Structure formats: C-alpha cells, structure tokens
Amino acid sequence: MLAAGMNMGHYCRLCGRIRPNERFSGNGHRIHVCNDCAKMPKADRDAIEQEEEICGFMRQSHISDKNIARLRALSASDNSRIADLASLVLDVAKVKPYKKRRLKVLARERRDLLEALERTGLIHVHQ
Ligand SMILES: [Zn+2]
C-alpha cells in the first residue's frame with residue numbers, strides 16, 4: 001500500500017517538506033519538525049522560525065504594539081538577515097501598521113521600504 005503510505009506523510013514546518021511519518025520522532029511529531037531538521041544547530045532553527053514569525057507579522061491585518069516590541073528584540077539579532085528583516089518590518093509598522101492599503105501607502109510615501117520588502121521576499125508585488 002505505497003499510495004496510502006504517501007498520504008500519511010507529515011508536514012515539517014522547518015524544511016517545508018511533507019515527509020513520511022517514520023521521519024518524525026515523538027516530540028518532533030508534536031512540534032512539526034522532522035528528525036533531520038531536529039539535528040540542525042539551534043541558531044539555524046531559530047533563524048528559520050524567526051523569519052517565519054516576521055513574515056507572519058506582515059500577513060496580519062495589524063502589527064500590534066506587542067509585535068513591535070518583539071520586532072525590536074529581533075532587530076538586535078546576531079543573525080544579520082533576521083536583524084535586517086525585523087528592522088524593515090519595524091519601519092513598515094511605523095508608516096502603516098494596518099495591512100489595509102499598506103502597499104499603496106508605501107508606494108506613495110516610502111518607495112524605498114516597498115523595494116526593500118520586495119528584495120527580501122517579504123512581499124511579492126506584480127505590477
Ligand atoms: Zn524538516
């Protein structure tokens with residue numbers, strides 16, 4: 001029953017792959033991290049999770065004060081990509097904390113931020 005086995009795969013939120021159940025151990029199953037990713041150095045894992053977290057703030061309808069405090073902390077990260085992403089989203093939050101019409105406002109007032117968002121992959125604009 002190969003096909004059935006394939007359907008029983010499990011999603012790893014770090015590598016983004018659907019992997020067979022046997023590639024996950026007990027705790028990894030619960031936190032959606034496969035055995036290979038579980039062996040990754042903690043700093044690498046943290047960076048993947050933090051990048052996801054920052055992208056998540058951009059998808060929210062509103063970047064809250066609590067999110068801003070978190071972004072401030074992340075902008076001081078030793079990981080330069082995380083620090084850059086966090087600083088960028090912080091700047092966006094200052095201009096337009098609400099997602100509604102954010103891109104339009106940025107296009108008009110902060111073209112530099114909009115371009116940085118595209119460059120870093122935080123948004124995908126097709127125009
Ligand atoms: Zn994985």
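Where is Asn-79 found? Asn-79 sits in the loop between α5 and α6. Helices here are DSSP runs of H or I with at least four residues, numbered from the N terminus.

## The model

This is a predicted model, in which local features need pLDDT of at least 70, side-chain atom pairs count only at pLDDT 80 or more, and totals for chains, interfaces and linings use all residues. Residues are numbered from 1 along each chain as its sequence is written, and side-chain values use heavy atoms, with hydrogens and water left out.

The domain assignment of the chain gives domain 1 (2-38) and domain 2 (42-120). Such bounds come from an automatic or database domain assignment. The C-alpha centres of domain 1 and domain 2 are 29 Å apart.

## How α5 packs on α6

Two packed helices are described by the angle between their axes and the distance between the axes. Helix α5 covers residues 65-74, and helix α6 covers residues 80-95. Their packing angle is about 145 degrees, and their axes are 8 Å apart. Each axis is a line fitted to C-alpha atoms over the stretch in contact, and angles run from 0 to 180 degrees between N-to-C directions. The crossing of α5 past α6 is left-handed. That term applies if the near helix is turned anticlockwise from the far one by less than a right angle; clockwise gives right-handed.

Which residues in α5 meet α6? They are Ile-68, Leu-71, Arg-72 and Leu-74. Their partners in α6 are Ile-82, Ala-83, Ala-86, Val-89, Leu-90 and Ala-93. Contact means heavy atoms within 4.5 Å. The residues of this contact of α5 with α6 divide into nine nonpolar, no polar and one charged. In this scheme Ala, Val, Leu, Ile, Met, Phe, Trp, Tyr, Cys and Pro count as nonpolar; Asp, Glu, Lys and Arg count as charged; the others, Gly among them, count as polar.

Leu-90 belongs to helix α6. Leu-90 counts as buried, at 10% relative accessibility. Buried means under 20% relative accessible area, exposed means over 50%, and partly exposed is in between, with a 1.4 Å probe and protein chains only. Setting aside residues up to four places away in sequence, Leu-90 touches Ile-68, Leu-71, Arg-72 and Ser-75. Leu-90 and Glu-115 are 25 residues apart along the chain, and their C-alpha atoms are separated by 15 Å.

Ser-75 lies in the loop between α5 and α6. Ser-75 is partly exposed, at 25% relative accessibility. Beyond its neighbours within four places in sequence, Ser-75 is in contact with Ala-83, Ala-86, Ser-87 and Leu-90. Ser-75 and Val-89 are 14 residues apart in sequence and 9.5 Å apart in space, C-alpha to C-alpha. Asn-79 is partly exposed too, with a relative accessible area of 30%. From Asn-79 to Glu-51 is 28 residues in sequence and 11 Å in space, C-alpha to C-alpha.

## Leu-117 in α8

Is Leu-117 buried or exposed? Leu-117 is buried, because its relative accessibility is 0%. Its place is helix α8, residues 111-120. Not counting residues up to four places away in sequence, Leu-117 touches Met-58, Leu-88, Val-92, Leu-106, Leu-122 and Ile-123. Leu-117 and Val-92 are 25 residues apart along the chain, with 9.2 Å between their C-alpha atoms.

## Two positive phi angles

His-32 is not a glycine, yet its phi is positive, at about 60 degrees. His-32 is in the loop between α2 (26-31) and α3 (35-38). With a relative accessible area of 35%, His-32 is partly exposed.

Arg-101 also has a positive phi, near 60 degrees, in a residue other than glycine. The loop between α6 and α7 (102-109) holds Arg-101. Arg-101 is exposed, with a relative accessible area of 51%.

## Cysteines

A disulfide is a covalent bond between the sulfur atoms of two cysteines. The rule used is a pair of cysteine sulfur atoms within 2.5 Å. How many disulfides does this rule give? The count is zero.

Cys-55 counts as buried at 16% relative accessibility. Cys-34 is buried, with a relative accessible area of 0%.
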